[in-house]
Amino acid sequence: MGNQVEKLTHLSYNEVPTADPNGLDLEDEGPRIGVSYIFSNDDDEQEENTDGTENDPNDDGKEYDKRNEMECAVYYRDECIYERSRNSIEIGTQPCENLLNKCKPGDLVEFVTAGQYPHWVVYVGDFQVVHLHRSEIKQNFMSDAGQGKQGRIVNDLYKFRPLNSDVVVQNALDHVGSKEQRVSWRNSECFAAWCRFGKREFKIGGEIRIGKQPYRMKLQLCEKKSHVLEFQSLEDLIIEKRRNDQIGRDAVNQELANHLNCSEEITNDYDCN
C-alpha cells in the first residue's frame, strides 16, 4: 500500500491547522505545537537544472549561504533521533576535492546549493559514490554526483547506531541499477540514511500510519522562538524537512510569521537579536 502513495503538490503553512492540543495559549518565547501532513513528494529530479543546461562545475555552490540554514531537531516520542545544530551549521561546506581527502567508505555526504533540495550520497571508495537520482540508484564519481556543489560529511546528523562500514557500502552497491518501481526510497537522503543505519523507517511505507503522530520536528527560529510540527512517520517528516532546506530559513520564518499572525515580526537576522 505504501508503495502506491501518489505524488502530492506543495502545501504552504497557511493551509495547515496549528494549535496547542492542550488548548493553552503559550507565551511567544515557548514552542508552538503544529500538526503537519505530507507537504510534497520530494522528487530527486528537482535537484537538477530543469532548463537543459548543465551546472557549472566551477561554481562549487558559492551562492549557498549557511546563515540561511534552518536549525532543527527531530524526536521520536522523547528521543532525539536527528539534530542540525548551530555548531554543525558553522562547520560549513567544502568543495568536492577537499571532501575526497576526508571521506572513508561508508560515509554519508550531503551536497547543497541555494534553492535546491540537498543531495545525499554514500561514499563507497575509489572516489565513487552511490546515490538515488532521478528514480534510479546510480554509481558515479563523487565529482559527477556533486555537480559542482559544495558538500559536507553528515554521518552524525541522525543519532541511530550506524552499521559496520563494510555493510553500509554493500547496502549501497547491492541496489545499483534499481530504478522506478524497484526503488523503495522517496529521496536521496532516505536512501543514504537507510544504507548507513538499515532502518525500515526510511523506506516508502516503512511505517503504518494509524493516526498517532509520534514524530516531532522542532524548528529553531531564533534563540527564544521555535515551532514544532508533528508527523505520523519519519518518511513524511523528512519530506518536509527537505522542503525547508530547499526554501531556506528566511522563507520558513516568513511562512510561519504569516500563518501564526505574529504581532511581533520574526526577524531574518541570523542571530535573531
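These legends walk through a few close-up views of one predicted model.

Residues are numbered from 1 along each chain as its sequence is written. In this predicted model, local features need pLDDT of at least 70, side-chain atom pairs count only at pLDDT 80 or more, and totals for chains, interfaces and linings use all residues, while side-chain values use heavy atoms, with hydrogens and water left out.

**View 1**
Let us start with the overall picture: the protein chain has seven helices and ten strands. Helices (H or I, at least four residues) and strands (E, at least two) are DSSP runs, numbered from the N terminus. Of the 273 residues in the protein chain, 49% are buried. Here buried means under 20% relative accessible area, exposed means over 50%, and partly exposed lies in between (1.4 Å probe, protein chains only). Among the contacts in the protein chain with a separation of 6 or more, 67% are between residues 24 or more positions apart; a contact means heavy atoms within 4.5 Å. The average pLDDT of the protein chain is 80, and 72% of the residues score at least 70. The pLDDT is the predictor's confidence in each residue, from 0 to 100. Residues 45–62 stay under 50, and the model gives them 34 contacts beyond four places in sequence. Residues 262–271 also have a pLDDT below 50, with 19 contacts beyond near neighbours in sequence. Where pLDDT is low, the predicted coordinates should not be read in detail.

How many of the ten residues of α5 are buried? Ten of the ten are, so α5 is largely enclosed by the rest of the structure. Among these buried residues are Phe191, Trp194 and Phe197. At the start of α5, a side-chain oxygen of Asn187 comes to within 3.2 Å of the backbone nitrogen of Glu189. Just after α5, Gly198 has a positive phi of about 70°.

**View 1. Arg242 meets Glu189.**
Arg242 sits in helix α6. With 0% relative accessibility, Arg242 counts as buried. Its side chain is joined to that of Glu189 by a polar contact of 3.4 Å. A polar contact is a pair of N or O atoms within 3.5 Å; within protein, one must be able to donate a hydrogen and the other to accept it, and residues adjacent in sequence count only if both atoms are side-chain atoms. Glu189 is itself one of the buried residues of α5.

**View 2. Met217 and Val228 in their strands.**
Met217 belongs to strand β9, and Val228 to strand β10. Is Met217 buried or exposed? Met217 is buried, with a relative accessible area of 0%, and Val228 also counts as buried, at 4% relative accessibility. Not counting residues up to four places away in sequence, Met217 touches several residues, including Ala73, Val228, Phe231 and Leu237. The C-alpha atoms of Met217 and Tyr76 are 9.1 Å apart, although 141 residues separate them in sequence. From Val228 to Ala73 the C-alpha distance is 9.5 Å, across 155 residues of sequence.

**View 3. Gln232 and the loop residues around it.**
Gln232 lies in the loop between β10 (225–231) and α6 (234–247). At 24% relative accessibility, Gln232 counts as partly exposed. Leaving aside neighbours within four places in sequence, its contacts include Arg209, Lys212 and Pro214. The C-alpha atoms of Gln232 and Tyr215 are 6.3 Å apart, with the two residues 17 apart along the chain. Gly211, in the loop between α5 and β9 (215–222), is exposed, with a relative accessible area of 54%. Between Gly211 and Gln232 the C-alpha distance is 6.9 Å, at 21 residues apart in sequence.

**View 4. Two loop residues with positive phi.**
Gln147 is not a glycine, yet it has a positive phi of about 50°. Gln147 is placed in the loop between α3 (142–146) and β8 (150–153). Glu180, likewise not a glycine, has a positive phi of about 50°. Glu180 is found in the loop between α4 (165–173) and α5 (188–197), and at 56% relative accessibility it counts as exposed.
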